[in-house]
Amino acid sequence: MRKFTHMQASTVREASQNAERGAMVIAGGTDLLGTLKDEILPVYPSVVIDLKTIEGLDKIEDQGDSLLIGAMAKLADVADDEAVKKHCQALAEACGRVASPAIRNMATLGGNICQMHRCWYFRTPDDRFHCSRKGGNTCPAYMGDNRYHSIFGVQNGCVAASSHDTAPALIALGAVIITSKREVLAEGFFAANGFRSCILEDGEIVTHVRVPKCEKSVFEKFALRKSIDFPIVNCAAAFGRDKALRVVMGGVYPAPLRLTAAEKAVEKGITEASAAKAGDDAMAEATALSGNAYKIEIARTMVKRTLLRLEG
């Protein structure tokens with residue numbers, strides 16, 4: 001790992017101003033430190049800003065009709081919080097399924113929603129595959145080993161699948177991401193954006209996530225190593241206070257995907273038959289790459305399983 005200056009920020013403003021000058025921010029460090037060690041990016045920061053020293057960013061507050069969760073709240077704390085489990089069950093379950101207990105006790109909610117994607121071409125050490133997400137002209141995975149990649153096409157030249165466990169839950173719950181510059185619905189926050197997997201701009205830092213309290217929500221995940229792996233497919237579903245249903249899937253597109261066809265299929269009620277139809281309708285436009293046709297059937301089943309659990 002190359003040398004860099006470690007700066008402890010005392011305010012969001014201080015961290016943001018330094019990030020605008022090319023510094024990188026570090027939360028729990030479970031993703032960034034590996035990124036820097038392997039030098040997967042074409043640029044290397046001279047300064048890394050520690051956000052853990054900013055007071056108050058790790059709190060979970062009940063604000064009546066919503067929960068305000070600081071971006072520095074550890075995933076383990078969010079998963080174990082009684083208010084989150086009661087009012088935002090899908091988020092608690094998603095946080096509890098990220099990686100291992102050791103990682104969850106270090107990693108933060110803000111870090112999870114801002115982490116870079118897991119494509120092995122993108123993450124090959126020393127930037128050996130200078131792909132489209134790094135300013136190159138090609139996506140090596142499109143014609144290469146794409147067994148874990150998108151089944152719903154390309155976004156901004158990339159077919160890497162989203163790997164955030166918390167993202168589908170936040171979108172299904174109608175959460176709002178609060179940054180140092182703006183507030184954005186979670187549904188519009190995630191996108192292939194250069195090396196980022198979210199819409200953050202240079203110098204912009206996530207500070208909080210506001211999650212509306214929900215009538216009922218659930219999260220399901222399929223991974224090869226059940227306890228610690230990134231998702232092959234994950235899915236969240238929620239009935240909001242307005243009774244509206246949201247179904248969101250990760251691992252199938254470069255951003256989490258809202259499955260409106262699945263939502264429409266169960267408008268008259270969730271039954272074994274309508275949940276199966278929801279899975280079929282959700283996958284109607286899926287198109288496999290050369291190595292990932294198997295994901296379509298997994299995703300179809302995950303939609304059905306998630307909806308039946310939501311109803312049950």
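Modeller: First, the residue classes: Ala, Val, Leu, Ile, Met, Phe, Trp, Tyr, Cys and Pro count as nonpolar, Asp, Glu, Lys and Arg as charged, and the others, Gly among them, as polar. This is a predicted model, where local features need pLDDT of at least 70, side-chain atom pairs count only at pLDDT 80 or more, and totals for chains, interfaces and linings use all residues. Residues are numbered from 1 along each chain as its sequence is written, and side-chain values use heavy atoms, with hydrogens and water left out.

Colleague: How do the residues lining the largest cavity divide by class?

Modeller: A cavity is a set of points on a 1 Å grid over the protein atoms alone where a 1.4 Å probe fits but cannot get out; lining residues have an atom within 4 Å of a point. The lining of the largest cavity includes Cys-119, Cys-131, Cys-139 and Cys-158, along with Arg-133. By class, that lining has eight nonpolar, three polar and one charged.

Colleague: What volume does the second largest cavity have?

Modeller: Grid points are joined across faces, edges and corners, and a volume is the space filled by probe spheres set on the points. The count is two cavities of 30 Å³ or more. The largest cavity holds about 50 Å³. The second largest cavity has about 30 Å³.

Colleague: Which residues line the second largest cavity?

Modeller: By class, this lining has seven nonpolar, one polar and one charged residues. The names are Met-24, Thr-35, Leu-36, Glu-39, Ile-40, Leu-41, Val-43, Tyr-44 and Pro-45.

Colleague: Which lining residues are closest to the centre of the second largest pocket?

Modeller: A pocket is an open set of grid points with protein on both sides within 12 Å along at least five of seven lines. The second largest pocket has a volume of about 340 Å³. Its lining has nine nonpolar, four polar and three charged residues. Of the 16 lining residues, the closest to the centre are Arg-118, Tyr-148, Phe-230, Pro-231 and Ile-232.

Colleague: Is Leu-224 buried or exposed?

Modeller: Leu-224 sits in the loop between β11 (216-222) and β12 (233-239); helices (H or I, at least four residues) and strands (E, at least two) are DSSP runs, numbered from the N terminus. Buried means under 20% relative accessible area, exposed over 50%, and partly exposed in between (1.4 Å probe, protein chains only). At a relative accessible area of 56%, Leu-224 is exposed.

Colleague: What accessible area does the nonpolar patch with Leu-224 have?

Modeller: Patches are made of residues with over 30% relative accessible area and no salt bridge; like charges are joined within 9 Å, nonpolar side chains (Val, Leu, Ile, Met, Phe, Trp, Tyr) within 5 Å. Areas come from the Shrake-Rupley method with a 1.4 Å probe; for residues, only the protein chains shown count as cover. Trp-120, Tyr-148, Phe-222, Leu-224 and Tyr-294 together have about 450 Å².

Colleague: Which residue meets Arg-123 in a salt bridge at 3.1 Å?

Modeller: A salt bridge is a side-chain nitrogen of Lys or Arg within 4 Å of a carboxyl oxygen of Asp or Glu, and the count is 24. Arg-123 lies in the loop between α7 (109-114) and α8 (140-143), and is buried at 15% relative accessible area. Its partner across the 3.1 Å N to O contact is Asp-31.

Colleague: How many residues apart in sequence are the parts that this pair ties together?

Modeller: Arg-123 and Asp-31 are both buried. Asp-31 is in the loop between β2 (24-26) and α2 (32-38), and Arg-123 in the loop between α7 and α8, so the pair ties together parts that are 92 residues apart.

Colleague: Which residues of α5 are buried?

Modeller: Six of the eight residues of α5 are buried, so the helix is largely enclosed by the rest of the structure. They are Ala-90, Leu-91, Ala-92, Glu-93, Ala-94 and Cys-95.
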